[in-house]
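Trainee: I would like to learn how to read helices and pockets. Could we go through an example?

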Amino acid sequence: MIKRLKELATLVGGSVIGNGEVEIRGISGIREAEDGDITFIANPRYLPDLEKTRATAVIIGEKILDSRPKTPDSRLTLLSVKNPYLAFSKILELFSKRPYEPTGISDKALIGEGCILGKHISVHPYVVLEEGVGIGDRVTLFPGVYIGKGSEIGKDSIIYPNVSIRENIKIGNRVIIHSGTVIGSDGFGFVEEGGRYHKIPQIGSVIIEDDVEIGANCTIDRATLGTTIVGKGTKIDNLVHIAHNVRIGEDSIIVAQVGISGSTEIGKHVILAGQAGIADHIKIGDNVTVIGQSGVRHDVEPNQVISGTLAIPHKDWLKAQAIFARLPELKKKVLELEERIKRLEGI
């Protein structure tokens, strides 16, 4: 594929500084780029690399461009944008995306009775569809995918190898699920009696709404009763566990190794950073950020940043950390003061 830079500027809503007629044949990192490539800078620390790159053009943020030394460099053509990461993403998608070509249904796939199969689908070898499964148009199911009885997969979704989707699960449109993930496994529900644990049947479901992406080796449990819900646009990293009856709002980010306990409600635009642990039956409001490795055991009001093993407001946590580093010095001063008091009392 070859695109003129001014065409890419139209695509990303940017402005060209230099020759908009230059031809772009690929996209690469600023240090690896060759003639014909476009690259990008999203952090001022990489400005020195501008003088060394062999790229034909560079995507650069408007704020970074304003902070750049005003030394002219006619060799470089720049594409100035508000959000260089977003522009980079759109151009990368343009150059890397291949037209969808359905492969049809492999004769090595197992298709149960009563399945409803959409148009232009790709069902690879060793896929298993139990009876009554619904598959939307242009869905791709890679080898080893299992879809349980009565489950539905929306249009344009991609399910990568060895994903298990249990019975009566609903997957929305344009959902991406990476290898090894299990959706609809039993929630962890047991009741203790006489020192033994008795299983509580888990008969609910899971709904994954439109435009969700789920990483590799995640587990999303079905509800005990009702539904576990992942809201539209939410992105989930690898190795995340979401327990039964959890509800996650739209456009949230769940980073690797996060664990969300049962019946917790997560608002919209929430960020749970790596290894955060969320207790059961609590509510986290919209626009909350939980710093990595934090433990949240209580409700959190909207529009906060929290952190800590027992999570508290982030600013309080930072103050506590500053004091913690001075504890040896403070302890020494306290001991000195105690000695002075003892001497004064002795007088």
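Mentor: Start with H3, which gives the most to the lining of the largest pocket, with 4 residues. Helices here are DSSP runs of H or I of at least four residues, numbered from the N terminus. The model is predicted: local features need pLDDT of at least 70, side-chain atom pairs count only at pLDDT 80 or more, and totals for chains, interfaces and linings use all residues. Residues are numbered from 1 along each chain as its sequence is written, and side-chain values use heavy atoms, with hydrogens and water left out.

Trainee: How far apart are the end C-alpha atoms of helix H3?

Mentor: The expected span is 1.5 Å times one less than the number of residues. H3 has 13 residues (residues 84-96), so it should span 18 Å, and its end C-alpha atoms are 18 Å apart, which agrees.

Trainee: Which residues of H3 are buried?

Mentor: Buried means under 20% relative accessible area (1.4 Å probe, protein chains only). In H3 these are Pro84, Ala87, Ile91 and Phe95. They cover an arc of only 65° around the axis, so they lie on the same side of H3. The arc is that of the directions from the helix axis to the C-beta atoms.

Trainee: What is the volume of the largest pocket?

Mentor: A pocket, on a 1 Å grid over the protein atoms alone, is an open set of points with protein on both sides within 12 Å along at least five of seven lines; lining residues have an atom within 4 Å of a point. The volume, the space filled by probe spheres set on the points, is about 510 Å³ for the largest pocket. Among its 15 lining residues, Glu93, Lys97, Arg98, Ile158 and Ile176 are the closest to its centre.

Definitions and conventions
Helices (H or I, at least four residues) and strands (E, at least two) are DSSP runs, numbered from the N terminus. Buried means under 20% relative accessible area, exposed over 50%, partly exposed in between (1.4 Å probe, protein chains only). On a 1 Å grid over the protein atoms alone, a cavity is a set of points where a 1.4 Å probe fits but cannot get out, and a pocket is an open set with protein on both sides within 12 Å along at least five of seven lines; lining residues have an atom within 4 Å of a point.
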